Amino acid sequence: MSINFALALALLNMSSMRAGRVLLVLYALELGAAPSTVGLLAATFSIFPALLSMQAGRLADRLGSRPLLILGALGGGLGILIPFAWPNVVSIFVAAAMNGISMSIYNVSLQNVVGLMSTPENRTRNFSNYSLTNSVGSLVGPLIAGFSVEHIGHQWSCVPLALIALVPLGMLSFWGHALPKGQGRKHDAGGGIRDMFAVKGVGRTLATSSLLQTGQDLFQFYLPVYAHSVGLSASAIGVVLAMNSAAAFVVRSSLPRLIARFNEDRVLAGAFFIDRKSTRLNSSHGYISYAVFCLK
């Protein structure tokens, strides 16, 4: 099976997940949610990937990725329909929880597929293309959510987003049998958290990544709050978020050449000094994450 199948699944999933997050934040604001409530909503999106990713990886090794991809797509599609059926803040939180659960299951399983379908010669290229595909999905998703809200309203926007999330079900039904199978092991021989942190450099890499991701997530969730407070339309908010993802696509496209010319430390240092000129919130994360990365 071609790696393009996995990339198509990634594009559909990331588009629906990003669109769903933007829609649910805008929907919550439309229903009168306070900024603090949006903060709790952001935490609801993120808590399940943090808790379930390790278990999802073990299940992917044991069962294969196809059943988990089906489960993730089904959960994401049905979850976004809950606020359509019951338009209230509680249902938005339930949808956010299902979005987080589905994302943790789907993303880990799909990364496993990309790794298993790669060879040592093309693994770096395949994961680079996977990352770029996710950037495209992160660009398309907010645009879909913003323009859908503006033209058909918050409640009805749940329907096209659910359809996008459920398209992979058909793809997996027809062609998913060709995906790599699971190993059927009941217990993993190693591969736990202790083994992971025993590898030199993993701890500081994870700490740096976590801090930078925190700053990015704060931007993704609180920009709609600010933009909504100053009267920007839903489509304009979608465009602003899409531009952020477009910039990420450009950076990821250039990153291999930058790292080949310089090294990882110098590239990260350059990003740090650029980040100092950014907002105070992102700048503080830049200072801390760069300091953590420099720890030897």
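Me: How close do the axes of helix α2 (residues 35–63) and α4 come, and at what angle do they cross?
Reply: In this predicted model, the two axes come within 7 Å and cross at roughly 30°. Angles under 35 degrees count as roughly parallel, so a crossing of roughly 30° puts α2 and α4 in that class.

Me: What is the hand of the crossing of α2 and α4?
Reply: That crossing is right-handed. The residues of the contact between α2 and α4 comprise 16 nonpolar, nine polar and one charged.

Me: Why is α1 called roughly antiparallel to α4?
Reply: The axes of α1 and helix α4 (residues 89–116) cross at roughly 160° and come within 10 Å. Angles over 145 count as roughly antiparallel, which means that α1 is roughly antiparallel to α4. The crossing in which α1 passes α4 is left-handed.

Me: What makes up the contact of α1 with α4, by residue class?
Reply: Its residues divide into 17 nonpolar, four polar and one charged. Among those in α1 are Leu-9, Asn-13, Met-17 and Arg-21; those in α4 include Ala-96, Asn-99, Ser-102 and Leu-110. Arg counts as charged and Asn as polar, so Arg-21 falls in the charged class and Asn-13 in the polar class.

Me: Where is confidence lowest and where is it highest?
Reply: Helix α10 (residues 280–294) is lowest, at a mean pLDDT of 45, and helix α1 (residues 3–30) is highest, at 92. Over residues 275–296 the pLDDT is below 50, although this stretch has 31 contacts in the model beyond near neighbours in sequence. Where pLDDT is low, predicted coordinates should not be read in detail. For the protein, the mean pLDDT is 81, with 79% of residues at 70 or more.

Terms used. Residues numbered from 1 in each chain as written. Predicted model: local features only at pLDDT ≥ 70, side-chain atom pairs only at ≥ 80, totals over all residues. Heavy atoms only, no water. pLDDT = per-residue confidence, 0-100. Helix = DSSP H or I, 4+ residues; strand = E, 2+ residues; numbered from the N terminus. Contact = heavy atoms within 4.5 Å. Axes fitted to C-alpha atoms, helices over the stretch in contact; angles between N-to-C directions. Parallel < 35°, antiparallel > 145°, perpendicular 65-115°, else oblique. Left-handed = near helix turned anticlockwise from the far one by under 90°.
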